[in-house]
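Open the model in your viewer and keep the selection tool ready. We will go stop by stop.

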Amino acid sequence: MNRTSASWVPWLLLLPALVLLVAFTHYPAVATLWHSVFSTARAGASSVFVGAENYRLLLDDPVFWQALRNNLLFALVTVPAAIVLSIVMALWVHRQVPGRALLRLAYFTPAILPMIAVANIWLFFYTPQYGLIAQVSQAFGWGDHNWLGQPGTALAALMIVTIWKEAGFFMIFYLAALQQISPTLAEAASLEGASRWQFFRRVQWPLLMPTTVFVVINAVINAFRLVDHVVVMTRGGPDNATQLLLYYVYQVAFSFWDTSYAAALTVVLLTLLAIVAFVKFRLLDSRTHYQ
């Protein structure tokens, strides 16, 4: 094999992955941006170039701003809560405790359940009068509450479902990272008289930062792409209290059939995620110790 043909071997090996990446990532992104500057084709009216008209309409759309506020609050609550809970669970099952294998299985089980199944399970929990939470509340004389039917509690109810499902998934990454830390560090810290909290803060936490960067980015993306739970549990209600960005994109595209406006919403969502990811990498990467 001559030098010219040998130089093509790596590209041929990468070709299947490149084709999939372009077909399912790059092309859809460019096509979405292209469609966002055209009008939606209607019966008897073809699509025409409208420039930034869809984005101007977006600025005057109160439902979009409500969905954006809901999604930002959703991310600000669920991301830190899921990460903190996953670290606590990982530290717990990393220790030599009785039934450690069963604990790991119990913590990870929500992560392997389908999203629709999780939504239906919690829909039963939240159902007024005969749901699990209602039965427990009535047993203690606390009365009943429509958790998903009240604007003040509907979004918080969705947050609890998301934290419950994602904490076990993130726990696996933290557990794997903890198992890579040399046990000699714990022995040295014990000899120096360090408490568990001091050992975690001074030794384990800095070494877990690469995992934290990965988990934070994925958690933020998950917070902005949540749609399954909303479809099953609330459909964006009541009064848009649980309207999230991706569900609004789905609603505009497949309920209102305004695909161009949905494309503009998608571009805004992707831009927002790119900005958040860039800021996260810039802030966290400088604090990260890579072995």
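**The loop between H11 and H12**

Select Arg235 to begin: this residue sits in the loop between H11 and H12. The model is predicted, so treat each stop as a feature of that prediction.

Check the backbone of Arg235. Its phi is positive, about 55°, although Arg235 is not a glycine. Most residues other than glycine have a negative phi. Is Arg235 buried or exposed? Arg235 counts as exposed, because its relative accessibility is 55% and the cut-off for exposed is over 50%.

Next, select Gly237 and Pro238. A cis peptide bond joins the two, with omega at about -5°. Most peptide bonds are trans. Pro238 also belongs to the loop that runs between helix H11 (228-233) and helix H12 (245-254).

Move on to Asn240. Where is it? Asn240 lies in the loop between H11 and H12. Asn240 is not a glycine, yet its phi is positive, at about 65°. With a relative accessible area of 27%, Asn240 is partly exposed.

**The annotated spans**

Now colour the stretches that UniProt lists as "transmembrane region", in an unreviewed entry: residues 72-93, 105-125, 154-176, 205-224 and 261-281.

Select residues 72-93. This span is 100% helix and 0% strand. Draw a distance between its end C-alpha atoms: they lie 32 Å apart.

Key
Residues numbered from 1 in each chain as written. Predicted model: local features only at pLDDT ≥ 70, side-chain atom pairs only at ≥ 80, totals over all residues. Heavy atoms only, no water. UniProt positions renumbered as here; feature names shortened; annotations may be inferred. Helix = DSSP H or I, 4+ residues; strand = E, 2+ residues; numbered from the N terminus. Buried < 20%, exposed > 50% of the residue type's maximum accessible area, 1.4 Å probe, protein only.
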